[in-house]
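The sequence and structure are shown below.

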Amino acid sequence: MKKNFLSGLMIAALVVSCTKSTSKTETVENPDGSVTTTTTVSESGLGVDTAKINNVKEKTESRIDAAGDKIDNAAEDAKNKIDATADKAKANLQKAGKDIKTEADKVGKDVKDAAAKGASKVEDGAKKLKEDLSR
């Protein structure tokens, strides 16, 4: 879109600013035998000079290509930065997941140990109660 707009603008400016020049050479023989040559140059702003148009077109295309390359490079840099950030976030999330899993395993072991201790205490209490009742 930007390339088309810039191209159109440059070509419109060129057409408006182009001038067409024509030269007319007239040779007249004087009565004394000498020859006089008169050259008349006329310029008109309405005509189109194709050489100038082609020159400006080439310059415009090279500038547009350079601008396109800059845009492409900036987009590639942005993509690389986004990819690097995503990779870093992924690594951080994986590490956090491993840490959570490790801590959950520790908590699970602690709960099992506490349950085992509690169960053994209940069993010991039941044995004592049974002994007390049997006496």
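A residue is called buried when its relative accessible area is under 20%, exposed when that area is over 50%, and partly exposed in between. Lys106, with a relative accessible area of 45%, is therefore partly exposed.

The model is predicted. The protein chain has a mean pLDDT of 82, and 81% of the residues score at least 70. Confidence is lowest in helix α1 (residues 2–17), where the mean is 66, and highest in α2, where the mean is 89. Where pLDDT is low, the predicted coordinates should not be read in detail.

The protein chain contains 2 helices and 2 strands, arranged along the sequence as α-β-β-α. Of its 135 residues, 5% are buried.

| Asp83 | Lys79 | 3.1 Å |

In helix α2, Asp83 and Lys79 are 4 residues apart, so about one helical turn separates them. Asp99 and Lys95 are likewise 4 residues apart in α2, again about one helical turn, whereas Glu103 and Lys106 are 3 residues apart in that helix, also about one turn.

A negative surface patch is formed by Glu58, Glu61, Asp65, Asp69, Asp72, Glu76 and Asp77. Asp77 lies in helix α2 (residues 50–134) and is partly exposed, at 45% relative accessibility.

Terms used
Residues are numbered from 1 along each chain as its sequence is written. This is a predicted model: local features need pLDDT of at least 70, side-chain atom pairs count only at pLDDT 80 or more; totals for chains, interfaces and linings use all residues. Side-chain values use heavy atoms; hydrogens and water are left out. Patches are made of residues with over 30% relative accessible area and no salt bridge: like charges are joined within 9 Å, nonpolar side chains (Val, Leu, Ile, Met, Phe, Trp, Tyr) within 5 Å. Accessible areas come from the Shrake-Rupley method with a 1.4 Å probe; for residues, only the protein chains shown count as cover. A salt bridge is a side-chain nitrogen of Lys or Arg within 4 Å of a carboxyl oxygen of Asp or Glu. Lys and Arg count as positive and Asp and Glu as negative; His and the chain ends are not counted. The place of a charge is taken as NZ of Lys, CZ of Arg, CG of Asp or CD of Glu. Buried means under 20% relative accessible area, exposed over 50%, partly exposed in between (1.4 Å probe, protein chains only). pLDDT is the predictor's confidence in each residue, from 0 to 100.
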